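Here are a few notes to read alongside the model.

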Amino acid sequence: MTIHIGVIGTGMIGQDHIRRLTDVVTGAEVVAVTDVDGARAAEVASGIGARALPTGQDVIADPLVDAVVVTSWGPTHAEYVLAAIAAGKYVFCEKPLATTAEDCLRVIEAEQSFGRRLVQVGFMRRYDAGYRAMKEVLDSGGLGHPLMMHCAHRNPTVPEAYHSAMAVQDTAVHEIDTIRWLLGEEIVSAQVIRPRRTANRFEHLVDPQFMLFETASGVRVDLEVFVNCQFGYDIQCETVCESGTVRLPDPADVLVKTAAVQRTGVLQDWKDRFGAAFDREFVEWIASIDDGRLAGPSAWDGYAAAVATDAGTEALETGRVVSVRLKDRPDLYGS
Ligand code: NAD
Ligand code: ISE
């Protein structure tokens, strides 16, 4: 069976997802797209033989669209996800699910009223081979209970529009989700420490930032977010357990030895680092729609991440340790 997809937002990641839905994933076809930049939508549509529709609401209402992919700007996500639920259609929403925890709760309430899961949030690290291998090791229990995690999220540079709160809202949100998923428990507090600032940044930006999270069972996580590190896109994660540690592998690359040095490359872009994870994310999303049982990151995961990023934003502003307080988890999202 082919799932017919409508895509809202044909910018950078929208085009990348359209390419993978067209060229990589079997059983899916993008049939309609839209963008507030109508010319961009028309150009993308013509490249794949799809229709460009005037608005996101038109894509959701289109009878030929079975499922929706939302890749527009973050503040527009909640409106489209809520409309897709109202139409009874599966919806894949890039992170964030919504820019406020209140809007995430509205999505959860709408999905509960509908009676089953329709929403998947684009936390793609759960599909990365290295993170999956780490989760298998942790879940096996062979290393004992996790006690600490050391993480780093480094981007080579960011544009001027990137502001200090985006370090947690846009960047650390990926670790916030992976911490919850790897450890199988919620984050209960966040703190942000400001090291000496790098000179290689726009004046307004606090960079790097050092974040500390605590989970319900007392696991402590340190995360360096450094979005102007210059040298590459570098993601690190090591979990320290009672009787051993497990560390994320670096992406495979050849090792060159010459002229008295040895060297290996460093990726420059999240699209390359997580390309295979994005592919797997969509392969599994389409398969789960086929099965009628969504299994990927849920609206609850989007909500929990939003509450933790709000706490991180407050922690950056105040310098204090800020509690992360979640509502009770509805049965729809498991225990
Ligand atoms: P982008 O600016 O390149 O593209 C967004 C597109 O959405 C633009 O073409 C814009 O015109 C369009 N748009 C904005 N409002 C719209 C609306 N109301 N209706 C229809 N179209 C609208 O941005 P991007 O980098 O592609 O990011 C898009 C989303 O993907 C963001 O939420 C971002 O956080 C997320 N993202 C996720 C990852 C990841 O690693 N998972 C990486 C990058 C971006
Ligand atoms: C971007 O939006 C992403 O999601 C990338 O994965 C992340 O590395 C980057 O910092 C964000 O700006």
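This is a predicted model: local features need pLDDT of at least 70, side-chain atom pairs count only at pLDDT 80 or more; totals for chains, interfaces and linings use all residues.

1. The protein chain splits into two domains, and each one is built from two stretches of sequence: domain 1 covers 3–125 + 277–298, while domain 2 covers 128–268 + 304–333.

2. How far apart are the centres of domain 1 and domain 2? Taken over C-alpha atoms, the separation is 26 Å. Where the domains touch, domain 1 puts in 17 residues and domain 2 puts in 13 residues.

3. Which helix gives the most to domain 1's side of that contact? Look for α5 (residues 101–114), which supplies 6 residues. Sorted by class, the side of domain 1 that touches domain 2 has 10 nonpolar residues, along with 3 polar and 4 charged ones.

4. Now find the open sheet. It has 6 strands with parallel pairing, and the order across it is β3-β2-β1-β4-β5-β6. As a reminder, strands of a sheet pair through backbone hydrogen bonds, either parallel or antiparallel.

5. Strand β5 (residues 90–93) pairs with β6 over 3 bridges, in the parallel sense. One bridge to pick out links C93 with V121 in β6.

6. Last stop: helix α1 (residues 12–23). This helix lies across β1 (3–8), β2 (28–34) and β4 (67–70). Relative to β2, helix α1 runs at about 150 degrees.

Terms used:
Residues are numbered from 1 along each chain as its sequence is written. Chains are lettered from A and ligands numbered from 1 in the order in which they are written. Domain bounds come from an automatic or database domain assignment. Two residues are in contact if their C-beta atoms, placed from the backbone, lie within 7 Å. Helices (H or I, at least four residues) and strands (E, at least two) are DSSP runs, numbered from the N terminus. Ala, Val, Leu, Ile, Met, Phe, Trp, Tyr, Cys and Pro count as nonpolar, Asp, Glu, Lys and Arg as charged, and the others, Gly among them, as polar. Two strands pair if DSSP finds at least two bridges between them. Axes are lines fitted to C-alpha atoms, for helices over the stretch in contact, and angles run from 0 to 180 degrees between N-to-C directions.
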